[in-house]
Amino acid sequence: MLSRVLADNERYHRWSFVQEYPLRLLPTHFEVFAESEQLFMLHNARLDFLVFDTINNEPLVAIEVDGAAYHQEGTIQAERDRKDSIMRKLGIPLQRFRTDSVSGDEIKILEAVLAKTHDNNRSYVARSVISVR
């Protein structure tokens, strides 16, 4: 779905994405993060998808696809909240999609998120280039 949306719109011609991107590679420094967030990043936490600008490798938006277990009471909600906090501190938008409630509007939502990302100018803690494997 993400590949199709990026390919179908000329304004995203410079954008690409990577899957399973390690969170620890995004920050240029870790001082702004709580100790629990630092440990979370350093213990192999990953983003499902990270959209970036291919010219300067600047991260633009992260996308998480959460299974039903992430939305049940008493599950890994703390882990999810930690990732949300990290992305806010990095200044990188995070969009979540649920796998247990497909609405049919996912492409429209994704297009809106990418359009907003395209139109916004933000400053990032993660100014360094991402390493694409």
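Predicted model: local features only at pLDDT ≥ 70, side-chain atom pairs only at ≥ 80, totals over all residues.
Searching the whole structure turns up seven salt bridges. Here is a quick tour of three of them, along with the overall fold and one loop proline.

**The D8–R4 pair**
- Both D8 and R4 belong to helix α1 (residues 2-8), where they sit four residues apart, about one turn of the helix.
- D8 counts as exposed because its relative accessibility is 60%, over the 50% cut-off.
- R4 is partly exposed, its relative accessible area being 48%.

- D66 and R96 meet through their side chains in a salt bridge of 2.8 Å, N to O.
- This pair links distant parts of the chain, as D66 is in strand β3 (residues 59-66) and R96 is in strand β4, 30 residues apart.
- R96 also forms a salt bridge with D84, with 2.9 Å between the closest N and O atoms.
- D84 lies in helix α3 and R96 in strand β4, so this pair ties together parts 12 residues apart in sequence.

**Overall fold**
- The protein chain has four helices and four strands, arranged along the sequence as α-β-α-β-β-α-β-α.
- Of its 133 residues, 39% count as buried.
- The chain exposes about 7500 Å², with carbon and sulfur atoms supplying 49% of that area.

**A loop proline**
- P93 lies in the loop between α3 (77-90) and β4 (94-98).
- P93 is partly exposed, with a relative accessible area of 28%.
- The C-alpha atoms of P93 and T117 are 7.9 Å apart, although the two residues are separated by 24 residues along the chain.

Terms used
Residues numbered from 1 in each chain as written. Heavy atoms only, no water. Helix = DSSP H or I, 4+ residues; strand = E, 2+ residues; numbered from the N terminus. Buried < 20%, exposed > 50% of the residue type's maximum accessible area, 1.4 Å probe, protein only. Areas by Shrake-Rupley, 256 points an atom, 1.4 Å probe, with all protein chains shown as cover. Salt bridge = Lys/Arg side-chain N within 4 Å of Asp/Glu carboxyl O.
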